[in-house]
Amino acid sequence: MLLAAFWFFATLMLLFGVSVVLLRNPVSCAMSLVMSFICLAALYVTLDACFIGVIQVLVYAGAVMVLFLFIIMLLDLREEKSRRLNFGATLGGVLVVASFLSIMTRVILSNPAFAKQTPTLAGPQVSDVKMIGMTLFHSFGLPFEVIGVLLLSATVGVVVLSRRTLR
């Protein structure tokens, strides 16, 4: 069941990644990128890296994408106009992707390390979330707070610079 979920989210992530490149509307591209980030977080969860999955959603799908959407709205980007495909460039791109996939397949099939079964991991005694939190707030408390103030001042600066004067 877990393997099926892994491949489901991996396929969805790849489909949303392709839609980021192929869609013409910048907002649709950004929303596809959000969905790709969420599928990546689900992949982390299927690999028992729950903390990294949560951080993926909070940092990338939350904060970074809010900034991307803010910049898209601030610049008032329009939908890209449709243009004719260049046959040579398309053929070259398909050849590069096909050769890359061929090389990766040969490398994976020729390496005996990929055929080994990995042993199951023992259950952790202390959760990784607790250990990361203790390290962040005990050893790196001041830099953590300085980064927070720096991000706050950058956000205020962007709002002030993007404000239009009313006349």
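Which helix gives the largest share of the lining of the largest pocket? Some notes on that, and on the aromatic pairs.

1. Ground rules. This is a predicted model, with local features needing pLDDT of at least 70 and side-chain atom pairs counting only at pLDDT 80 or more, while totals for chains, interfaces and linings use all residues. Numbering runs from 1 along each chain as its sequence is written, and side-chain values use heavy atoms, leaving out hydrogens and water.

2. The pocket. H6 it is: five residues of the lining come from there. H3 and helix H6 (141–162) each supply at least two. (Helices are DSSP runs of H or I, at least four residues, numbered from the N terminus.) The volume is about 230 Å³. (A pocket is an open set of points on a 1 Å grid, where a 1.4 Å probe fits, with protein on both sides within 12 Å along at least five of seven lines; lining residues have an atom within 4 Å of a point. The volume is the space filled by probe spheres set on the points.)

3. Its lining. Among the lining residues are Phe-70, Leu-151 and Thr-155.

4. Aromatic pairs. There are three (ring centres within 6.5 Å; planes under 30 degrees apart are stacked, over 60 edge-to-face, the rest tilted; Trp uses its six-membered ring). Phe-6 and Trp-7 sit edge-to-face, 5.5 Å centre to centre with 85° between the planes.

5. A helix-to-helix pair. Phe-37 and Tyr-60 are tilted, at 5.6 Å and 50°. This pair links distant parts of the chain, 23 residues apart: Phe-37 in helix H2 (residues 26–46) and Tyr-60 in helix H3 (residues 50–75).
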